[in-house]
Amino acid sequence: MLHGTGGDEQDLSKIASYLLPTSPQLGIRGRLIENGQTRYFNHTADGSFDLNSLNSETDWLLETIDTYTEQYHLDQEKMIVVGYSNGANVAAYAWLTKRPRFKKAVLFHPMLLTPTVDLPDLSKISIWGSHGEQDPIVSKTNFDELMQSLTGTHADVSIFEHEQSHNINEPELVSAKAWVTAHI
Ligand code: MLT
């Protein structure tokens with residue numbers, strides 16, 4: 001579980017329990033604090049995404065996931081990432097730029113953080129992603145760009161859109177659960 005800005009490792013636990021009631025859960029808290037809020041990577045002084053921080057913190061996150069999955073004897077290839085906002089963004093970025101060992105994800109309201117030049121082959125990866133039409137953080141254009149990039153990697157991509165904002169709503173959870181049930 002990868003939380004949104006200002007969240008912690010427990011935030012998505014209820015949602016994860018709804019999606020997969022009997023599965024073990026692993027939550028990793030972003031180790032950065034910006035304006036008093038936890039995050040997985042920083043912004044620069046001018047407010048744009050700090051790509052150096054994004055790069056090194058994604059490495060940290062993947063190493064941390066490796067460490068805990070080994071420690072708790074969890075098979076990372078079977079795990080499903082559940083990410084929201086900042087946490088979903090970093091999971092998508094990891095797939096586009098690194099070699100994470102996880103293969104499936106439910107990404108609530110993710111965005112493309114930086115354009116990807118050389119798309120990797122993600123043909124063994126399955127991703128469900130959601131977007132809200134009135135989201136002030138993630139534009140429709142940005143979300144579509146992210147989904148197109150992921151589709152371009154040959155990942156199996158499913159999209160859920162609602163007419164609301166950056167929030168997770170009930171039909172969205174039902175859609176995510178149906179996807180998870182079909183992908184385990
Ligand atoms: C980010 O910083 O990753 C995005 O703006 C989403 C968020 O606010 O966490």
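Author: Ala155 is buried, with a relative accessible area of 10%; buried means under 20%, by a 1.4 Å probe with protein chains only. This is a predicted model, where local features need pLDDT of at least 70 and side-chain atom pairs count only at pLDDT 80 or more, while totals for chains, interfaces and linings use all residues. Residues are numbered from 1 along each chain as its sequence is written, and side-chain values use heavy atoms, leaving out hydrogens and water.

Reader: Where is Ala155 found?

Author: In the loop between helix 4 (140-152) and strand 6 (156-162). Helices (H or I, at least four residues) and strands (E, at least two) are DSSP runs, numbered from the N terminus.

Reader: And how many Å apart in space are Ala155 and Ser23?

Author: They're 24 Å apart, C-alpha to C-alpha, and 132 residues apart in sequence.

Reader: Switching topic: which residues are around the ligand?

Author: Thr5, Arg39, Phe41, His43, Phe49, Ser85, Asn86, Asn89, Met111 and Ile137. Each has a heavy atom within 4 Å of the ligand.

Reader: What lies 2.5 Å from an oxygen atom of the ligand?

Author: A polar side-chain atom of Thr5. For Ser85, a polar side-chain atom lies 3.2 Å from a ligand oxygen, and in Asn86 a side-chain N or O atom is 2.8 Å from one. A polar contact here is a pair of N or O atoms within 3.5 Å.

Reader: How much of the ligand does the protein bury?

Author: 86% of the 260 Å² that the ligand exposes when taken alone. Those areas come from the Shrake-Rupley method with a 1.4 Å probe.

Key
A polar contact is a pair of N or O atoms within 3.5 Å; within protein, one must be able to donate a hydrogen and the other to accept it, and residues adjacent in sequence count only if both atoms are side-chain atoms. Buried means under 20% relative accessible area, exposed over 50%, partly exposed in between (1.4 Å probe, protein chains only).
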